[in-house]
Amino acid sequence: MSSPKVRGRRRLRIALISLVTVFVLLVAGVVGFGWYYSGQLLEPENSRPGYRDTVTSSAAGTVTLAESRVSALPGRWGLVWPGGGAEVGPVTRRSQGSVVRELVGQAPPDGTRVRLETSVWATDPRTALGLEHEDVRVPTELGDAPAWLVPATSSTWVVAVHGRGGTRAEALRVTPTLHDLGLPVLAVTYRNDEGAPRSPDGLYHLGDTEWRDVEAAVRFARDRGARDVVLYGWSMGGAIVGQFLTRSADAPLVRAVVLDAPVVSWTDTLELQSRNRGVPEQLVPIAELVSDWRADLEFDRFDLADHPPAHRPPTLLFHGGADGTVPVGSSRELAAAAPRLDWPVRYVEVPAAEHTAAWNVDPDAYEEAVTEFLDSVDTIR
């Protein structure tokens, strides 16, 4: 029989092993969360949403969807399913768990899983809008990236930068307005887009490297006759534009900027998305730390209110008041800080709009705001 002293040592050893085991498991869990969340943020294959809504029936000019938060959103949207797409208009009727929307095009069979996208059209400028365009290749440091060039008469070009997980088709909603103003539109792709070169590590860098692809596009425009440019960015495209203005030697060529639901603070954005997932905000720094380790990111760099770009041209800033992806509060704070930053920012908030859906909710008002802004900064020449 062991002595009390031996038994005490044994109990202490067991207690210490248990504590170390719990600590290791806790650390592993935290690191595992950080790795998972960083993967959701950085890995391109995780950037596209699934098909969460369902078509229940269709008739001439209408489609009926099972009611959900998304299927009942106001405005004009793209209706997308594997292998197909159409355009849907406003909700015309709601009843018994269903919503009926206007339909342009052919609906998929009943029971098909679909999603609504702010990019109304998934084709090219000619097919979607009847606008002639040129398929061009922009030479970037990683290789040629495809782009659409919609020609016009002005020597000021618009370089349009889509958001994370999006495509250059995001620019099609505003291309007719810009074309009517005489502005050529270069709708670009960047690293890790379909058809564009992959980054060396295969990861998004949230604007920290993608800005160099936009720099290549600006130089392409200059070499094709542009005297200056307007940068137009949606969501992460706004973060890319911000880094271009901060870090590119070609930033002085930018005459004006339009940002739509931009990421102007990745930390604020991650905190909002953690709340959406029921994850404690205290874990966001862990996700940032792991993302920094994986992709060499400095998250503070992206906070444009605290770290404004070196070049601050007149900027039109849209944001939806119902945005559940990128916090509207960050855009409000940037707009409020703009006077002390010596940054001429015109802020337009669309109360009912979800993420990058300000145009979708009210195309006429959106296009009027864009036209008035670009007229006011004398971009058309």
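Biologist: How many salt bridges does the count come to by this rule?

Modeller: The count comes to 20 salt bridges, a salt bridge being a side-chain nitrogen of Lys or Arg within 4 Å of a carboxyl oxygen of Asp or Glu. The model is a predicted one, in which local features need pLDDT of at least 70 and side-chain atom pairs count only at pLDDT 80 or more, while totals for chains, interfaces and linings use all residues. Residues are numbered from 1 along each chain as its sequence is written, and side-chain values use heavy atoms, leaving out hydrogens and water.

Biologist: What makes Glu-87 and Arg-76 a salt bridge?

Modeller: Their closest N and O atoms are 2.9 Å apart, and the limit is 4 Å. Glu-87 lies in strand E4 (residues 84–95) and Arg-76 in the loop between strand E2 (62–66) and strand E3 (77–81); strands (E, at least two residues) and helices (H or I, at least four) are DSSP runs, numbered from the N terminus.

Biologist: Why is Glu-87 called buried, and what is Arg-76 called?

Modeller: Buried means under 20% relative accessible area, exposed over 50%, and partly exposed in between, with a 1.4 Å probe and protein chains only. Glu-87 has 12%, so it is buried; Arg-76 has 27% and therefore counts as partly exposed.

Biologist: Why is the pair of Phe-318 and Tyr-366 called stacked?

Modeller: A search of the whole structure finds three aromatic pairs. Rings of Phe, Tyr and Trp (its six-membered ring) pair if their centres lie within 6.5 Å; planes under 30 degrees apart count as stacked, over 60 as edge-to-face and the rest as tilted. The centres of Phe-318 and Tyr-366 are 4.0 Å apart and their planes are at 15 degrees, so this pair is stacked. Phe-318 belongs to strand E13 and Tyr-366 to helix H10, 48 residues apart.

Biologist: How do you know that Tyr-366 is buried?

Modeller: Its relative accessibility is 3%, so Tyr-366 counts as buried. Phe-318, with a relative accessible area of 1%, is buried.

Biologist: How do you know that the span of helix H10 agrees with what it should be?

Modeller: The expected span is 1.5 Å times one less than the number of residues. For the 14 residues of H10 (residues 363–376) this gives 20 Å, and the end C-alpha atoms are 20 Å apart, so the two agree.

Biologist: Which residues of H10 are buried?

Modeller: They are Pro-363, Tyr-366, Ala-369, Val-370, Phe-373 and Leu-374. These residues cover an arc of only 135 degrees around the axis, which puts them on the same side of H10; the arc is that of the directions from the helix axis to the C-beta atoms.
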